[in-house]
Amino acid sequence: MPPLWPWTTSTPPPARQRQDFIIGTPDNKTETGREAALLVAVDQSDSSWEIEDSLEELARLVESVDAEVVGSLTQRLDHPMAGTYLGKGKIQELKELIELHEATMVVVNDELTPAQLRNLESALDVKVLDRTAIILDVFAGRAQTHEGRLQVELAQLEYRLPRLTRMWTHLSRQAVGGVGVRGPGETQLESDRREAQKRITFIKTQLSQVHRHRQIYRDRRSRQGIPVAALVGYTNAGKSTLLNALSGSEVYAQDQLFATLDPTTRRIALPDGSPVLVTDTVGFINKLPTMVIAAFRATLEEINEATVLVHVLDASHPNVGEQYRTVNQVLAELGADDKQAIVALNKIDRCGVGNVPPLEDIVRDIGLESPYVSISALRHEGFDTLGLAIQQAIELERDLQEMTVLIPYERGDLVDRFHSLARVASQSHDEHGTTLTGLVPVAAAPLFAEFRPAESVKSGSR
C-alpha cells in the first residue's frame, strides 16, 4: 500500500484543534468535529507542478472549509481515466484507505466530469468532491459584498447544473403535472434544471448592471486622467497587505487563501507627487476554474483597464516559480499579458532565513522576464523603489504611437483589444476585415504588428 500524504500508514494523522464546522451530516465527523478527507490526484508528466506541492495546496483548500485531511493517494498516468479518473486497482486501494481512516469524503485534485463524479461516488460509497467544488466552497465562505455573493453563486450554479443528477435523491421521481404549471410527466430533475437556469439568467442580469456601474466609474476615472496600478498575483501573496501599507487603509488581510474577493481601490501619491489609483484584485490559483473567471468578469476587468500591473509574488514560498508562471498564464487567458508589468517580490524579510533560499537564488530560479523590485509589505520595505518603478511604467505606457491595422473578421478579439488599449481615431470595414487607426501604447504595439498594412509599414507610419 502506498504511503499516505503526509503521513505513513503506520502513523495516525495528528489532531488539530479548530472550531467545529461540518460539511454534510453531523454523523460524518472526526474527533475534532470535522469531516475526514482523503486527497486523490493523478500525477501527469506534462504538469509543471510537482504532485506533492499540488496536494499540499489542495490540503490547504480543504482545511479552509474546515475539513481534516487524513491521507492521500496518487496514480501516475498520462491523463485521468475517462470514466473513473483512477484505474480499477487504485480505486480498490482507495476503498481500503477510506475504510482504514473512516474517511467521509474524497477530494480529487482535478475538475471531474459529471460521469467521473457519478462513477466514483458509486464505486466508493462516500461523498466525492473535486478541486473546483472546494475552491467554490472557499469562495462562498469569503464573499462579503452583494456583488461577490452573486459572482460566487453564479459560478456554483454553472458548475452544478450538469451535475444535478447526483445532487438530490428525489430527482428520479415524477412531479405532479397540471395546467399552466409543469407538463404532465415532467421529472423533478427537469424542474430543478429549469429553476437553476432561471436563477443563472437573473444573476447574469444583476451582474451586467454591476458591469455598467463599474464602466461608468472607469470612464469617469479615465476622464480625470488618473492612472491605475492593479495588484495581481497568486492567492495569499500579500496583495491586500501591500495595499494597506501603501495607502494606510484597513482592507481585510489574513494569512489564508482567498482572504478577499472584492476589488478595492485606494489613491496614493507617487514619488513625483502625481496620483495613482491602486486596485487590489482577487487572487489566482493553480487550476482556477473557468466558471470563476467568467463569473468574476466584471471584477477582473479592472485588470484589463489598468495602466500598469504590479505582480505581487511571495518570494518565500517554496513554489514561487510555479506561482509566477500560473499567474502569467491566467493573465494571458484574460488578455492582459501585454500590459506593463512590475514584479514585486514580497516577503523578502523571510528570504535567507531557515529553509528559504537567499533572494538572489530565488530570482535566478524563477527566471524573471519582467522588471522586479524587492519589498516587504509587512515591514514597509522597498516602497520607494516600487513607487519609482510604477511611475516609470506609467510614463512608458503613456508613450503612444500612431498605428493603422487591418484585422481579419475572424479575429474580433483583437478588434476589441485595440479599442480597449488604443485611442481610436477611425474604423472602417471592407471584404478583408476591420481597419482601425489610433494611438497605441508602445508596449502594446507588437501585439498588432503583423496586421499593419504593407503600405503603412513602407511609409514609415508609426
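**A helix and its surroundings**

In helix α7, which spans residues 239–247, the buried residues are Lys 239, Ser 240, Leu 242, Leu 243, Asn 244 and Ala 245. Here, buried means under 20% relative accessible area with a 1.4 Å probe, counting protein chains only. Helices are DSSP runs of H or I with at least four residues, strands are runs of E with at least two, and both are numbered from the N terminus.

A word on the source: this is a predicted model, where local features need pLDDT of at least 70 and side-chain atom pairs count only at pLDDT 80 or more, while totals for chains, interfaces and linings use all residues. Residues are numbered from 1 along each chain as its sequence is written, and side-chain values use heavy atoms, leaving out hydrogens and water.

What do the buried residues of α7 pack against? Their partners are the strands β5 (228–233), β6 (264–269), β7 (275–280) and β8 (308–314), together with helix α12 (383–397). After α7 comes Gly 248, with a positive phi near 75 degrees.

Now for the cores. A nonpolar core is a set of buried Ala, Val, Leu, Ile, Met, Phe, Trp, Tyr and Cys residues joined through side-chain atoms within 4.5 Å. The largest has 83 residues, and Val 62, Leu 94, Val 106, Leu 124, Phe 284 and Ile 303 touch the most other members. Strand β1 (residues 36–43) gives the most to this core, seven residues. A second, separate core of 24 residues includes Leu 242, along with Ala 229, Ile 375 and Ala 389.

Stepping back, the protein holds 14 helices and 13 strands, and 51% of its 462 residues count as buried.

Conventions
Buried means under 20% relative accessible area, exposed over 50%, partly exposed in between (1.4 Å probe, protein chains only). Contact means heavy atoms within 4.5 Å.
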